[in-house]
Structure formats: structure tokens, C-alpha cells
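Please keep the sequence and the model at hand while reading.

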Amino acid sequence: MATVLSVSGSPSASSRTNRLLRHLDQRLAAQGHQVIPLDVRTIPAEALLGADFQHPAIVEATELFARADGVVVATPVYKASYSGVLKALLDLLPQYALTGKTVLPLATGGTTAHVLAIDYALRPVLNSMGAAHIVQGWFTLDKDITVHEDGTLSVVATSTEALTQVVDQFSAALGRTPVLAAAS
């Protein structure tokens, strides 16, 4: 069983990005992984923006990255790049915080014009942090994610299929063979 740190770079608790990530966490947990959620927005702004490396929340986040075998990083795309809150956290982590780790980058956005944000904005940063293996990521359009009144989430079939594939590839790269047929 691998330990997976699931990092939401969304500044909003109710964002589609955050909800989609937590939905995918369930698939990873069902495959036998220990999934630890980290919502960057819960780290105090003064610690992030003040570069307070000794702040308990920054120390804890650094320790979570160190303990993880794999990291899922999800972000909304703003102006063709990942979120500022995610950038602030990544800047405070040790230079090689991802050494030896398998990483799955995910992004959401309002237009396909941002689809390359994973490869041209996020992937280079993850690579520079020493990731051993960055698996194929996935960009999901906001309009393809629906949050229902009861809190349940649905994703259009084509995106569900693609997300299932990338999550299962990530899981396999962590050393476990996926056991589920499809995400619900």
C-alpha cells in the first residue's frame, strides 16, 4: 500500500477542482492506497505569503510531502498557469521535495485554451523538484464537472474515462495494479 498525498491547489473549498480531486481520492483509496488530503487553502496566508518556513502548517506540509510515496497535484488554471496558492506552497517546500516520488498532475479550467498548462506551467516545476516519475496528467473542463444539490459529483463520460485511465496509471506506477473497472 502506497501513501498518496492529494494536494488541492484550489483557493475555494467548493471548487470543482477540489471536489473532483476528492472524488478521485476515493478511487485511489479503493485500490488500497492510503490517501492523505492537503488543501493548500487551509494553510494560513501569512505563512504562505510571508515565507514562514518555521510555521507549524508549513512544517506539517513539508513532512506530508516527505512521507508520501506519490503525490497528486490538482489545480484550477488561471491565466494559463496553476493557482497562486499552489505556487506559494511549492516555493516553500525543499528544492527536492519530490525526489523519488511518482506525481500525477491534474487541472481544471474554463476553456481548452488552457489545456497545455499542465505540460508548460506545472510539469516543469514538478520536474525541478526532483519527481522520479510524472505520469500523464489530465485537464478537465469546468463544464464537464457537475456538482449536484446533494453534494454528489458527476463528470461527463469522456472525461470520466480519461480520468480513470490516468488515475489507474498513477496507481500502477506506485506499484499496485488497479482492481476497479471504472470510476462511479
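Strand S1 and strand S3 (residues 70-76) run parallel and are joined by five bridges. Two strands count as paired if DSSP finds at least two bridges between them. Helices (H or I, at least four residues) and strands (E, at least two) are DSSP runs, numbered from the N terminus. Within S3, Val72 is the bridge partner of Ser6.

The model is predicted, so local features need pLDDT of at least 70 and side-chain atom pairs count only at pLDDT 80 or more, while totals for chains, interfaces and linings use all residues. Residues are numbered from 1 along each chain as its sequence is written, and side-chain values use heavy atoms, with hydrogens and water left out.

S1 also pairs with strand S2 (residues 34-39), in the parallel sense and over six bridges. Between S1 and S2 the chain passes through helix H1 (residues 16-30), and this β-α-β crossover is right-handed. Right-handed means that, with the strands pointing away from the viewer, the path from the first strand over the helix to the second runs clockwise. The bridge partner of Leu5 in S2 is Ile36, and Val7 stands opposite Leu38 in S2. The bridge partners named here are listed below.

| Residue | Partner | Strand of partner |
|---|---|---|
| Leu5 | Ile36 | S2 |
| Ser6 | Val72 | S3 |

How many residues of S1 are buried? Strand S1 (residues 3-8) is mostly covered, with six of its six residues buried. Buried means under 20% relative accessible area, exposed means over 50%, and partly exposed is in between (1.4 Å probe, protein chains only). In a regular strand the side chains alternate between the two faces of the sheet. Thr3, Leu5 and Val7 point one way from S1, whereas Val4, Ser6 and Ser8 point the other way, and all are buried.

Now the whole chain. There are six helices and eight strands, and from the N terminus the elements follow the order β-α-β-α-α-β-α-β-α-β-β-β-β-α. The radius of gyration is 15 Å, close to the 16 Å that the globule rule gives for 184 residues, so the chain is as compact as a globular protein of that length. That radius is taken over C-alpha atoms, and the globule rule is 2.2 Å times the number of residues to the power 0.38. The C-alpha trace spans about 45 × 35 × 30 Å along its principal axes. Of the 184 residues, 51% are buried.

Two distances give a sense of scale. Val103, in strand S4 (residues 102-109), is buried at 0% relative accessibility. Its C-alpha atom is separated by 31 Å from that of Asp150, 47 residues apart along the chain. Met129 lies in the loop between helix H5 and strand S5 (133-134) and is buried at 4% relative accessibility. Met129 and Val7 are 122 residues apart in sequence and 15 Å apart in space, C-alpha to C-alpha.

The loop between S3 and helix H4 (84-92) holds Lys79, and Ala80 is found in the loop between S3 and H4 as well. Most residues other than glycine have a negative phi. Lys79, however, has a positive phi near 50 degrees, and Ala80 has a positive phi of about 65 degrees. Lys79 is exposed, with a relative accessible area of 82%. Ala80 is partly exposed, at 44% relative accessibility.

The last topic is the largest pocket. About 180 Å³ of space lies in it. A pocket is, on a 1 Å grid over the protein atoms alone, an open set of points where a 1.4 Å probe fits, with protein on both sides within 12 Å along at least five of seven lines; lining residues have an atom within 4 Å of a point. Of the 13 lining residues, the closest to the centre of the pocket are Val115, Ile118, Gly137, Trp138 and Phe139. Helix H5 (117-128) and strand S6 (138-141) are the elements that give two or more residues to the lining. S6 gives the most, with four residues. By class, the lining has six nonpolar, four polar and three charged residues. Here Ala, Val, Leu, Ile, Met, Phe, Trp, Tyr, Cys and Pro count as nonpolar, Asp, Glu, Lys and Arg as charged, and the others, Gly among them, as polar.

Technical notes
Grid points are joined across faces, edges and corners, and a volume is the space filled by probe spheres set on the points.
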